[in-house]
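Here's a quick tour of a model, written for someone who likes the cut-offs spelled out. Have a look first, then read on.

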Amino acid sequence: MPAIDDLFRDLRAKQRKALMPFVTAGDPNPEFTERLIGEVVGRGASLCEIGIPYSDPIADGPVIQASYVRALGAGVRLNEILAMLGRVAPKVAAPLVTMVSYAIVYRHGVQKYLDEARQAGLAGLIVPDLPVDEAARLAEQCRAADLSLVQLVTPTTPRERAVRIAAASSGFLYYVSVAGITGERTELPADLVDNVAWLREQTELPICIGFGISRPEHVRLLSPVADGLIVGSAIVRRVAEAAEKPADQVIAEVGDYVASLLAALPA
Amino acid sequence: MPTEPKTAASLPDAEGRFGAFGGRYVPETLVRALDELAIAYDEARRDEAFQKELAELRFNYVGRPSPLYHARRLSEHCGGAQIWLKREDLNHTGSHKINNTLGQALLTMRMGKRRVIAETGAGQHGVATATACARFGLECVVYMGAEDIRRQAPNVFSMKLLGAEVRHVDTGSKTLRDAINDAMRDWMSSVESTHYILGSVVGPHPFPRIVRDFQSVIGQEAIEQSQQRIGRLPDLVVACVGGGSNAAGMFYPFVAETDVPLVGVEAGGRGPTPGDHASPLSYGSPGVLHGSFSYVMQNDDGQTDDVHSISAGLDYPGVGPEHSYWKDSGRVTYTACEDGAALAAFDMLAKTEGILPALESSHAVAKAMELAAERPQSEAIVVCLSGRGDKDAAEIARLREG
């Protein structure tokens with residue numbers, strides 16, 4: 001059984017919620033990312049989302065885009081990232097999930113990517129530019145490889161389609177909080193809680209909410225309706241400061257920030 | 001009503017596939033808008049009132065049909081086959097792009113949206129979009145790479161005069177590919193009130209099909225005009241290919257005329273080394289970019305390569321999925337023309353015919369000149385002269401002084 005399924009069964013039994021930090025692989029270098037994953041999991045993150053840098057990420061706002069530019073500009077290659085993840089995965093007590101464009105997966109070779117992800121000890125993948133209509137074959141291959149293929153529902157998704165996506169998704173369902181791109185927001189949509197609560201009625205699958213979440217009050221607002229919360233740009237923005245600050249300090253600051261969000265989860 | 005071609009009319013299929021190519025590789029956020037667009041377009045294309053309004057605009061506003069002009073002095077210079085130019089440069093706004101933007105502006109109105117976004121490389125699509133939006137009173141925002149804003153300045157002024165907002169794109173290579181990224185990002189946040197008038201036969205389904213259909217008026221007219229003026233179909237048809245919209249519009253009605261060879265000309269840039277050209281069909285391989293599966297220039301990790309062309313409109317690492325289908329099926333032959341040959345063709349057309357072609361179109365002219373020289377005078381080559389070159393005059397002067 002995939003590691004993510006085990007995790008959420010365990011969390012639900014304990015009536016706990018997951019916090020899932022997002023980090024960009026290779027920003028500013030793979031060694032830093034390796035330490036950062038160790039830090040956020042050490043602080044209590046239940047799982048970690050690893051963004052594989054991509055040259056043309058249309059779902060991402062300026063903060064994550066810039067991190068991809070930094071990582072690719074420093075010359076990071078997919079093989080190095082997978083090797084780094086292979087080192088860190090066995091050491092951390094949390095499933096690791098890659099957020100990766102289908103452009104990358106296809107070019108690398110779909111089965112090869114899945115085999116290598118499996119070998120590295122990864123738990124699953126999110127392919128943000130592969131909507132459910134194009135994802136049937138990949139979902140099958142992921143099942144065979146014992147990897148979760150997490151699919152996304154957004155505020156623009158019609159309800160009957162959301163049910164279809166939930167049925168096709170595995171591991172958890174990623175609910176995108178806003179019709180838009182990644183990035184910190186001060187306010188989240190007014191109907192977000194209701195929309196997730198509706199979705200909650202439609203599926204047994206764990207639901208994690210992402211995009212725009214950056215503050216402890218967001219965590220307090222959303223944790224009652226979700227199984228987990230995903231925080232990306234607010235972390236990546238702090239990592240961007242690694243150019244001017246010592247790595248230890250940046251990693252500790254991200255750790256403190258993650259701890260402040262964890263503290264807002266119900267005990 | 002436009003006549004449907006005899007074959008291949010069933011493509012793309014319901015999933016937007018041209019054989020293996022095409023599809024829809026986009027974030028879930030955009031799927032509903034793409035579904036709505038596909039439905040709106042299907043209804044519009046069967047709606048006589050829509051087709052009548054579009055036909056009236058083409059005739060009275062664009063100035064269609066565009067002439068098929070026998071370039072006698074250019075042909076004599078080449079010393080072989082006759083070169084005929086399909087004069088899309090004479091359209092209102094100076095290129096073929098207006099064929100698509102008027103159609104999509106009508107679709108925007110039909111879908112009840114009031115805001116339009118677009119990307120542009122050379123600025124031709126930006127100007128054509130700004131024009132259509134002014135004509136229908138729609139708000140218009142055009143994304144354009146900083147490098148293209150520099151080299152295509154006249155079109156930037158025109159867009160602003162037409163009431164559009166031009167947004168600088170400073171990411172990546174600061175060219176067409178980055179402009180598409182930023183337009184897509186805008187659309188991610190504005191999709192419920194905004195239509196994205198994509199300018200080429202690229203992107204997720206249904207864009208490649210919609211743009212091809214609106215541009216097919218080029219090939220339909222060329223077939224009729226060839227029969228009237230040449231007395232038969234041409235012996236060869238040539239068009240330049242960046243994303244590939246003028247070529248798709250020219251070729252599509254000819255696809256069923258299997259005796260007519262079709263040649264697509266990509267931007268060969270400085271040569272075949274990766275990074276020096278923008279010729280995915282000639283030197284790339286199939287992959288995913290901007291929502292569709294098609295030939296693309298990428299490294300082994302799936303990262304999009306930087307590309308180069310002297311022509312901003314061809315300076316793009318991808319190509320429309322239907323071109324990939326035509327390449328693999330062998331129906332169209334794709335080749336590349338380097339910067340120098342395109343510039344030489346620009347000069348020769350200017351000097352022999354008094355026509356300044358767009359640098360994009362100059363690539364097609366260059367290949368046609370080369371092919372004409374190898375063929376007898378009895379043969380006729382039709383070239384899509386997709387746009388006019390006024391926009392390029394200053395940049396060409398700069399390159400020569402530099």
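Which helices each supply at least two residues of the lining of the second largest pocket? They are helix 3 (62–73) of chain A together with helix 8 (176–190) of chain B; helices here are DSSP runs of H or I, at least four residues, and strands are E runs of at least two, numbered from the N terminus.

Some ground rules: this is a predicted model, where local features need pLDDT of at least 70 and side-chain atom pairs pLDDT 80 or more, while totals for chains, interfaces and linings use all residues. Residues count from 1 along each chain as written, chains are lettered from A in the order written, and side-chain values use heavy atoms, leaving out hydrogens and water.

Back to that pocket (an open set of 1 Å grid points where a 1.4 Å probe fits, with protein on both sides within 12 Å along at least five of seven lines; lining residues have an atom within 4 Å of a point). Helix 3 of chain A gives the largest share of its lining, seven residues. Nearest the pocket centre lie A:Ser55, A:Val69, A:Leu72, B:Gly172 and B:Arg177.

| Second largest pocket | Value |
|---|---|
| Volume | about 420 Å³ |
| Lining | 23 residues |
| Nonpolar lining | seven residues |
| Polar lining | ten residues |

The volume is the space filled by probe spheres set on the points, joined across faces, edges and corners. Ala, Val, Leu, Ile, Met, Phe, Trp, Tyr, Cys and Pro count as nonpolar, Asp, Glu, Lys and Arg as charged, and the others, Gly among them, as polar.

As for chain B, its C-alpha trace spans about 55 × 50 × 40 Å along the principal axes.
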